[in-house]
Amino acid sequence: MKLENTRAHKSFGGWTKHYIHRSNVLNCDMKFAIYLPPRTANDQKVPVLYWLSGLTCTDENFMQKAGAQRIAAELGIAIVAPDTSPRGSDVPDDDGYELGQGAGFYVNATQAPWNRHYHMYDYLLDELPQLIEATFPVSDKRSIFGHSMGGHGALVLSLRNPDHFKSVSAFSPISNPTNCPWGQKAFTAYLGDDTAKWAEYDAVLLMDGATDFTPMLVDQGGTDEFLKEQLKPEALEEAALASGYTLELNRREGYDHSYYFIASFMEDHLLFHARYLNT
C-alpha cells in the first residue's frame with residue numbers, strides 16, 4: 001500500500017511523521033501520524049501504542065498537545081495516531097459535531113449512507129496495524145489508549161479483542177454510549193435501531209460478559225463538563241466490580257476534558273503501557 005509522507009519533525013532524538021494512504025476498508029484517503037523513537041534509527045523493532053482521539057479531532061491533536069514524545073523516546077515505544085473518521089468530499093457528513101466526519105465512533109456502520117465508508121473498527125483492528133507493521137521498524141506488540149470518543153474506541157477494541165492488545169487505557173472515555181446522548185445519536189445513525197448491535201460497542205455492556213482481562217487504566221477529570229451526561233465512569237466502575245475486571249480508575253479533582261488534563265497524566269499512561277509492552 002502506497003504511503004505519502006507529508007512532513008516530518010525531529011523530536012527528542014526520534015521523528016514525528018505524518019502520512020496519507022489509501023484505505024480499502026474506509027474507501028477513502030486517510031491520514032495518520034506516527035512517532036518513531038530514536039532506537040528505530042537502526043531498524044531496531046519497538047512495540048506500538050495506538051492513540052484514538054475524540055470528537056472533532058484529527059491525527060494532529062495528540063502529536064502537538066499531549067507531550068508524549070519525550071517519554072516515548074525514553075521508553076522505546078512508537079505511537080500511532082490515526083484520524084477520527086473517514087474524510088473527503090464524497091464521504092457523508094452531518095451538521096452536528098457528534099456525527100459524521102470527525103466523529104466515526106470507531107464502529108463498523110451498517111446503515112446507509114454511512115456504511116460505504118464508516119468502518120473505523122475494522123480499520124483500527126486490522127488494516128492500519130498491518131500497514132504499520134509492514135512499513136516501519138515495529139514489532140507485533142500493541143497496546144491502545146484514547147480520549148473521550150477515542151477512549152470509548154480503545155476500551156471497546158481491547159474488550160472485544162483481548163489477545164490483540166497488551167494493555168488499554170483511557171482519558172475521560174464515553175464509557176456507556178448506549179446510555180448517553182452522544183452515543184445514542186451516533187449509534188442510531190451508524191447501526192440502526194437494533195440496540196443489540198449497539199451493545200457490541202459499549203464498554204460497560206462488554207465488560208459484563210468479559211472472561212479475558214486486558215490490564216486497564218482510566219483517568220477522569222473531576223470538573224469535566226461532560227462527566228455526568230456523556231461519560232458515566234461510575235457505570236464502568238460498577239461493571240468492573242460485578243465482573244471482577246481489574247480496573248484502575250483515577251478521579252482527578254480539578255481537571256477538565258482538555259489536553260491540559262491529558263498532558264498532565266500522559267507519563268503515567270505511557271509508563272503503565274510500558275510495563276506490558278516492554279516485557
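Which residues of strand β7 (residues 168-171) point one way, which point the other way, and are they buried or exposed?

Modeller: This is a predicted model, so what follows is computed from predicted coordinates. In β7, Val168 and Ala170 point one way, while Ser169 and Phe171 point the other way. All of these residues are buried, on either face of the strand.

The pairing of β7 involves strand β6 (residues 138-147). The two strands run in the parallel sense and are joined by four bridges. One of the paired positions is Phe145, whose bridge partner in β7 is Ser169.

His147, which falls within the range given for β6, also belongs to the lining of the largest pocket. That pocket has a volume of about 200 Å³. Its lining consists of 13 residues, and those closest to the centre are Leu55, Thr56, Cys57, His147 and His257. By class, the lining divides into six nonpolar, six polar and one charged residue.

An α-helix has 3.6 residues a turn, so residues three or four places apart point the same way. After α5 comes Gly192, with a positive phi near 90°.

Some backbone details elsewhere deserve a check. The peptide bond between Ala112 and Pro113 is cis, with omega about 0°. Pro113 sits in the loop between β5 (78-82) and α3 (120-135).

Phe12 has a phi of about 50° and lies in the loop between β1 (3-11) and β2 (14-23). With a relative accessible area of 54%, Phe12 is exposed, because the cut-off for that class is over 50%. Asn27 has a positive phi near 60° and is found in the loop between β2 and β3 (28-36). At a relative accessible area of 23%, Asn27 is partly exposed, because buried would require under 20%.

Technical notes
Residues numbered from 1 in each chain as written. Predicted model: local features only at pLDDT ≥ 70, side-chain atom pairs only at ≥ 80, totals over all residues. Heavy atoms only, no water. Buried < 20%, exposed > 50% of the residue type's maximum accessible area, 1.4 Å probe, protein only. 1 Å grid on protein atoms, 1.4 Å probe; cavity = no way out; pocket = protein on both sides within 12 Å on 5 of 7 lines; lining within 4 Å. Points joined across faces, edges and corners; volume = space filled by probe spheres on them. Nonpolar A, V, L, I, M, F, W, Y, C, P; charged D, E, K, R; others polar. Pairing = 2+ DSSP bridges.
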